[in-house]
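Notebook open, model loaded. I want to jot down what I look up as I go.

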Amino acid sequence: MIWGIFKRDMCHATRNVIAVIVSMGLVVVPALYAWFNIAASWDPYGNTKALKVAVANNDKGYKSDLIPVRVNVGETIISTLHANDQLDWQFVKSDKAIDGVKSGEYYAAIVIPKGFSADMMTLFSPDIKHAQLKYYLNEKINPIAPHITDQGATTVVNTIDKTFAKTIAQVGLDLASSILHYSQSPQMAEYMRNLNGNLTTTADTLSGASQQVTSYSQLLGSANDIVDSTGKLLASATKAGKQAQNALKQGKSGATSLTSAGANVTSSVNTTLDQVSGAFDQVAAKVNKAFDAIGKGSETAASQLATLSEQISSGESLYDTYITSLNHMRESVEQLPDSDSAKQALLEAIDREITLLEAAKGDSQKLAQQLKDASTQVTQDTAAAERSRKEILNRITSAKQSISNVRDDYATNVKPKIDALASTVSTLISQTDSIITQLSGTADDLDDVTGDAGTNVTSIRSTLGAIAKKLDSSAATVKELIAKLETGGNAGDGNSDGGDGDNDADSGESDELRALATANASTLSTLISAPVALHRVSVYPIANYGSAMAPFYTILSIWVGAIILCAMLKVTISDREKAHVLGLGDTLPRIAGPSGPGNASRWGLRLDHEYFGRYAIFALLALLQGTLVCLGDTYFLGVQANHALQFLAVGWLAALVFSNIVYTLTVSFGDIGKAVAVVLLVMQVAGSGGTFPIETLPKFFQMLYPFLPFPHAIDAMHAAMAGSYGNEYLLDMVYLALFLIPSLLLGLMLRKPVIRLNNWVSRNLESTKVM
């Protein structure tokens, strides 16, 4: 059935000359659409020399004492642009340039202001100004021309920058070369000899002045020694008086402290010893009571003995308090002058008292331990408990005797010595205090006189010493300068014998300067003005702009060709054609019903037969369209195609996919389907990334991009033209072929429910007699 429909369609398409011409036109028109666009954009950026750009120079130039040569950057720009054929430069007055941009005669204009050179030369002054060119642009003439002329203006600015840097570098290198040549002349050698002689004389003069200043300083130093001797004599008297006064003050303070400490210690001794003696009497009574209770209850006795042990231990703080008081008193005695004969005897008495207290404290600690041990024995052995009782009572008697010894020793030895020493010191202080006060006042007056004299002499000597150091430093600096000049002269003459490391370094620097000055100044200045050169490495190179745009226009023309086929050819099959294919004559039987898709299915002509049978001629013509446009791109226009067969295969697959999509839309929805095909065309022209990178397009097109057939076809064609990275080409071909699935699904299955709706829409449109 499919073959029958296709065969009759081919017969009808070649029945007469007009049909053949129209069929050929359907194949050729899409190719012409692609070829004209590709040829028109073949090399647009290579033909910018026809774009007129006006240039007006109002620069007055610049000249100064620093650079005696007149500088006019504007004239340099004009002479450079005369040799530049990137654009059609028009050299006119500024008024004509601006008016020409407004009228459209020029695409743009560059005006060089009057003070352009002067502003550029402010580089050598504290007040730097940025030199500016005035750039006028007519943006309404053409959307691309402003970008091209912008590139031309940028070229002018870059040329100015490089020329300026090259000129400055050239002047600097020429100046260095002139200085080097002059430094090697006989006049320079004579000048250096005279300069060295003058500098040597200056250094000797500075050294002599430094020696004279040093001698004067030493003379003042001798005079200052006499003043110092007098000052030291007076200072010794002052010091003796102050020491005596301090000693009396310390004695007075010590006596007061001693009296206070004695009273505190006496009170502490009486209180402490009374408490301890009474405590031991109570302990003895409680010990007897505890041991008497052993027969009644050993646990009660043990508890009482343990409690007594803890009480004795807690009483040890009283000994510590007394010992602390004695130590404070000892510190007060140590403040007394060493010449006092009673000081040492009193210290020894206090130390002996502290020793006795330590012994008494030890007896208390042993008593506490025996009570603790007895508390554990009473529950085990009655005989041992009785022995512990006797030992504890003996230890209590011994402890009380230690306390009595402490009290007797303090009353006999310590207390009388403290009272006598305090009385003697107070009397001595009262008698001598007024004498020391008078001596101190006299010594202070004498010290002020000698101190002022010594301070003045010392200040003068310090100033003279600083002057002498400055003179010595200046002389050393001048001598160092002489040595460097001599080294530089030897290095310049080439007579250096290698000497020390400094001479070798200076010689190396001179050799580097000589090499720099004798080098090609033009080459060096060019390097300085443009130190970085851009080396462009093309990956998957494309021959020209036309080849780069060929995939977009080729794929676009194939889609346009599919729309033209559906506009010129019928997508539905008439009942007469169905009858001829089925062999039923010229008409279908009446039982077939109204004319429309699928009405001959009872005789074996199914809906899919109609779909593929009529699509066959569409597919044939679409393949011819794709073949012609791709072969024309390659062999007529000369579009780059490194893999020609792959390039042609992309055209074939795109022709089949696009023609099937447009054919299915038209079969399913009639004229509305054609409108949808046009809408899809417009969307893909904007969102396929064929002209601008997809990343530069709005977010909507970036999201829609993967679901359009154009991008995959264009990418596959790019891979065929310049080379493929991995499986890039095959993947894009597979993605493109996948668009046949939804198209066939719509044409064979999903369009069945809308056939009646589509027939109703078609009848209503025909009833208007206009649509």
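Which residue forms a salt bridge with Lys674? I found Asp671, with the closest N and O atoms 3.5 Å apart. For a salt bridge I take a side-chain nitrogen of Lys or Arg within 4 Å of a carboxyl oxygen of Asp or Glu. Both residues sit in helix H18, three residues apart, about one turn of the helix. Helices here are DSSP runs (H or I, at least four residues), numbered from the N terminus.

Ground rules before I go on. This is a predicted model, where local features need pLDDT of at least 70 and side-chain atom pairs count only at pLDDT 80 or more, while totals for chains, interfaces and linings use all residues. Residues are numbered from 1 along each chain as its sequence is written, and side-chain values use heavy atoms, with hydrogens and water left out.

**Salt bridges, continued.** I get six salt bridges by this rule. Glu577 pairs with Arg8, the closest N and O atoms being 2.7 Å apart. That pair links distant parts of the chain: Glu577 is in helix H15 (residues 575–582) and Arg8 in helix H1, 569 residues apart. I checked exposure using relative accessible area: buried is under 20%, exposed over 50%, partly exposed in between (1.4 Å probe, protein chains only). Glu577 is buried at 12%, and Arg8 is partly exposed at 23%. I also noted Arg606 with Asp608, 3.1 Å from N to O. Arg606 is partly exposed at 43%, as Asp608 is at 25%.

**Cores.** Next I looked inside. A nonpolar core is a set of buried Ala, Val, Leu, Ile, Met, Phe, Trp, Tyr and Cys residues joined through side-chain atoms within 4.5 Å. The largest has 62 residues, and Ile555, Trp559, Phe618, Phe658 and Tyr663 have the most contacts inside it. Helices that each supply at least two of its residues include H1 (2–13), H2 (17–40), H14 (545–568) and H17 (644–669). A second, separate core of 15 residues includes Ile323, Leu326, Leu347 and Val406.

I picked Gln684 in H18 (residues 671–687), which is buried at 1%. Not counting residues up to four places away in sequence, Gln684 touches Trp559, Leu708, Pro709 and Phe710; contact means heavy atoms within 4.5 Å. Then I went to Ser557 in helix H14, buried at 0%. With neighbours within four places left aside, Ser557 contacts Pro30, Tyr33, Ala34 and Val629.

**Aromatics.** I counted ten aromatic pairs in the structure. Rings of Phe, Tyr and Trp (its six-membered ring) pair if their centres lie within 6.5 Å; planes under 30 degrees apart are stacked, over 60 edge-to-face, and the rest tilted. Trp3 and Phe6 are a tilted pair, because their centres are 5.8 Å apart and their planes at 45°. Trp3 is exposed at 58%, whereas Phe6 is buried at 16%. I also logged one aromatic cluster of Tyr611, Phe612, Tyr615, Phe618 and Tyr663.

**Surface.** Last stop: Val17, Ile18, Ile21, Val22 and Met568 form a nonpolar patch, with about 500 Å² of accessible area together. For such a patch I need over 30% relative accessible area, no salt bridge, and nonpolar side chains (Val, Leu, Ile, Met, Phe, Trp, Tyr) joined within 5 Å. Areas are Shrake-Rupley values with a 1.4 Å probe. H2 gives the most to the patch, with four residues. Val17 lies in H2 and is exposed at 60%.

Definitions and conventions: Patch = residues over 30% accessible without salt bridge, like charges linked within 9 Å, V, L, I, M, F, W, Y side chains within 5 Å.
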